Amino acid sequence: IVGQMRSIFKLIVAMSALFIYFAQFGGEILTLYDNFNASLYLLPLLVLGYVFSVINEVFIFYYHFKKKVKYFYYNFAFSALLNIGLNIVLIPKFGYAAAAYTTLISYAVMCLITYITCKFALKVTVPAIINFIDYGLIVLFVFVSNYALNFYIPNIWLQLSIKGVIYGLILLYLWRNLITAMLNK
């Protein structure tokens, strides 16, 4: 199971890195209003939230396998109420940007609850989180480096170049086994 999940997580990491690094540029190209551009810096937060959502979907398989889908609905309802509650409290204080943070928090909590439910309530053999720590560190690196590059490098072409090189290195790392096997033939 760990091998299969690592394969799935490779795709999650590759796609999340792609969207964290480059969705903002796509958004700038596609926007019709300058007001929208002001919020594009929040896209990486939303992408990271959706990373948790996709990981959650992977673990929901166990709910179906054990015929305990009701846990999904409880977890979803709790996470939705958490998001609404956080929005009610934080948006008046911090503005619309708080909604991106509350979405990230809600999806992360939903993913964590799903993992814990699978491991302890359903008592299924869920791969230990340590098996995926390298992927988590890659996503964290991409997230932090994206903000650093956006903040410290004003030239968009230089940003794109650096992000492109880093993304290429990430892909090489993720599929190093495949690349090594191809080179050895």
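These notebook entries record what I looked up in the predicted model shown above.

**Entry 1: the chain as a whole**

I began with the secondary structure and counted eight helices and zero strands in the chain. Read from the N terminus on, the elements run α-α-α-α-α-α-α-α. I then took the extent of the chain along its principal axes, where the C-alpha atoms fill a box of roughly 60 × 50 × 25 Å.

Next I looked up how much of the chain is buried: 37% of its 185 residues are. Of the contacts with a separation of 6 or more, 76% join residues 24 or more positions apart.

**Entry 2: charges**

I looked up the charged side chains and found 12 positive and 4 negative ones. The centres of these two sets lie 22 Å apart.

**Entry 3: helices H6 and H7**

On the H6 side they include Tyr-135, Ile-138, Phe-141, Val-142 and Leu-149. On the H7 side they include Ile-162, Ile-166, Ile-170 and Tyr-173.

**Entry 4: Ile-170**

I followed one of these H7 residues further. Is Ile-170 buried or exposed? Its relative accessibility is 7%, and because buried means under 20%, Ile-170 counts as buried. Leaving aside neighbours within four places in sequence, I found Ile-170 in contact with Ala-17, Tyr-21, Ile-138 and Val-142. Ile-138 and Val-142 belong to the H6 residues that meet H7.

**Entry 5: Val-109**

I turned to Val-109, which lies in helix H5. Its relative accessible area is 25%, so Val-109 is partly exposed. Which residues does Val-109 contact, leaving aside its neighbours within four places in sequence? I found Phe-78 and Leu-82. I also looked up Val-13, which is 96 residues from Val-109 along the chain; their C-alpha atoms are separated by 19 Å.

**Entry 6: two lysines with positive phi**

Finally, I examined backbone angles. Most residues other than glycine have a negative phi. I noted Lys-67, which has a positive phi of about 55° although it is not a glycine. Where does Lys-67 lie? It is in the loop between helix H3 (43–65) and helix H4 (70–94). Lys-67 is exposed, with a relative accessible area of 71%.

Lys-123 also has a positive phi of about 55° and is not a glycine. I located Lys-123 in the loop between helix H5 (97–121) and H6. With a relative accessible area of 66%, Lys-123 is exposed.

Definitions and conventions:
Residues numbered from 1 in each chain as written. Predicted model: local features only at pLDDT ≥ 70, side-chain atom pairs only at ≥ 80, totals over all residues. Heavy atoms only, no water. Helix = DSSP H or I, 4+ residues; strand = E, 2+ residues; numbered from the N terminus. Buried < 20%, exposed > 50% of the residue type's maximum accessible area, 1.4 Å probe, protein only. Contact = heavy atoms within 4.5 Å. Lys, Arg positive; Asp, Glu negative; His and termini not counted. Charge placed at Lys NZ, Arg CZ, Asp CG, Glu CD.
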